Amino acid sequence: MATAPKKTKQTKTTSFTDRLLHWHHHINKREMPWKGEKDPYKIWLSEIILQQTRVEQGLAYYEKFVRHYPSIADLAAAPSDRVFKDWEGLGYYSRCKNLLHTAEVIAREFNGIFPDSHDIILSLKGIGPYTAAAICAFAFNQPYAVLDGNVFRVLARIYGVETPIDSTKGKEQFRALAEAALSKTHPAAYNQAIMDFGATVCKPAAPLCSTCPMVDICVASRTAQVNSLPKKEKILQKKTRHISWLILELKTESLFYVQKRKAGDIWENLHEYYPVETPAKPEWTVEVLQELILNQLGVKALRIQKLPDASQQLTHQKIYGYFYQVKVAPRPANLPKTHWLSKKQINQLAFPKLLKEIQFDAGSDKI
């Protein structure tokens, strides 16, 4: 039986991994405050903040949270309204809710010490496969491969994978490919390297192919698919919503009605004024608004001022906001007395960006 010839060249995966680590140690200059961090709490915090948030925006929030809540115990013990206020402006507020829940679980069940078991970390609320892998790799140097948008893009282009990344088959294929390419001896460095490489070299638009150290082994470059990989099979269906907010003010005192948004919808646990959602852009007149307020609240609208409209684009829906400052008398009996606040108190609460930017004052004039 003839013996197989000895392999004289590295496999493509080995070559890619080695080149990536070389690039990371000798060329990569990307700096971030959590880079090289070994504290699992800070790693977890940075990863949660950076979900759906650009690094440039998330940096200030990360620094603020580390300053206000230096440990998991500090975060777990903090009043939820204060934490949500610190989160204000980051969006995707379910992240903040899950952050608080998990901090409380770790403080209660693990004595405030972040667990080092991948399975336990993955079971914590708000932590998915990517974040669990990142914590295990960066904090504990365990061999788990991260898979975020940067990693999907780099792997899809280098290996020419056309399977949609959001398909069941694609998720399995990319997971296997990521695990195969992972450096088992230097998982933290490898994971940091591939994310940085995707952010600075193999970018979504205008990737630096001409100076890329992987160009000779990159299938996408060789087959002119750089701008078409990675692929997705699902197209996000976006909808529009129209919400009018009535900023109700008591006639006798400068107090305004504020409530928390309920579970199961956008901006959960954030604050808002009195909302009226309509299926299309409303055609409010003074008379229609007066009738609505009388019917819903049982009080008279003594003065109505139209404020500027605004809108906000979320991931899957666009919100059109219409704002009216309304002076009422007497205090509506069906609205809790404790929900009437001064402007100073309102400024201490967390609001969605769309509502936070609305400017209003006492003593409005009628439209």
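A crossing is left-handed if the near helix is turned anticlockwise from the far one by less than a right angle, and right-handed if clockwise. The legends below concern a predicted model, in which local features need pLDDT of at least 70 and side-chain atom pairs count only at pLDDT 80 or more, while totals for chains, interfaces and linings use all residues. Residues are numbered from 1 along each chain as its sequence is written, and side-chain values use heavy atoms, with hydrogens and water left out.

**View 1. Helix α2 against helix α6.** Helices (H or I, at least four residues) and strands (E, at least two) are DSSP runs numbered from the N terminus. Helix α2 covers residues 40–50 and helix α6 residues 94–109; their axes come within 10 Å and cross at roughly 160°. α2 is therefore roughly antiparallel to α6. Axes here are lines fitted to C-alpha atoms, for helices over the stretch in contact, and angles run from 0 to 180 degrees between N-to-C directions. Angles under 35 degrees count as roughly parallel, over 145 as roughly antiparallel, 65 to 115 as roughly perpendicular and the rest as oblique. The crossing of α2 and α6 is right-handed. From α2, Trp44, Leu45, Ile48, Ile49 and Leu50 meet Arg95, Leu99, Thr102 and Ala103 of α6; contact means heavy atoms within 4.5 Å. Seven of the residues in this contact of α2 with α6 are nonpolar, one is polar and one is charged. In this division Ala, Val, Leu, Ile, Met, Phe, Trp, Tyr, Cys and Pro count as nonpolar, Asp, Glu, Lys and Arg as charged, and the others, Gly among them, as polar.

**View 2. Helix α2 against helix α8.** The axes of α2 and α8 are 9 Å apart, and the two helices pack at an angle of about 145°. α2 passes α8 in a right-handed crossing. On the α2 side the contact is made by Pro40, Ile43, Trp44, Glu47 and Ile48, and on the α8 side by Tyr130, Thr131, Ala134, Ile135, Phe138, Ala139 and Phe140. The residues of the contact of α2 with α8 comprise ten nonpolar, one polar and one charged.

View 3. The structure holds 15 aromatic pairs. Phenylalanine 256 and phenylalanine 360 form one that is edge-to-face, at 4.9 Å centre to centre and with 65° between the planes. Phenylalanine 256 lies in strand β2 (residues 256–257) and phenylalanine 360 in the segment after α15 (353–356), so the pair ties together parts that are 104 residues apart in sequence. Rings of Phe, Tyr and Trp (its six-membered ring) pair if their centres lie within 6.5 Å; planes under 30 degrees apart count as stacked, over 60 as edge-to-face and the rest as tilted. Phenylalanine 256 is buried, with a relative accessible area of 1%, and phenylalanine 360 is buried at 5%. Buried means under 20% relative accessible area, exposed over 50%, and partly exposed in between (1.4 Å probe, protein chains only). Ring pairs link Phe256, Tyr273, Phe351 and Phe360 into a cluster.

View 4. Glutamine 192 is placed in helix α11 (residues 187–200) and is buried, with a relative accessible area of 10%. Leaving aside residues up to four places away in sequence, glutamine 192 touches His24, Met32, Lys35 and Phe138. Valine 215 is in the loop between α11 and α12 (219–222) and is partly exposed, at 36% relative accessible area. The C-alpha atoms of valine 215 and isoleucine 158 are separated by 8.3 Å, and the two residues are 57 residues apart along the chain.

View 5. Most residues other than glycine have a negative phi, and most peptide bonds are trans. The peptide bond from leucine 229 to proline 230 is cis, with omega near 0°; proline 230 sits in the loop between α12 and β1 (239–250). Alanine 329 and proline 330 are also joined by a cis peptide bond, with omega about -10°, and proline 330 lies in the loop between β7 (317–329) and β8 (340–341). Asparagine 111 is not a glycine, yet has a positive phi of about 55°. Asparagine 111 lies in the loop between α6 and α7 (118–123) and counts as exposed at 68% relative accessibility. Asparagine 141, likewise not a glycine, has a positive phi of about 55°. The loop that holds asparagine 141 runs between α8 (129–140) and α9 (149–159), and asparagine 141 counts as partly exposed at 40% relative accessibility.
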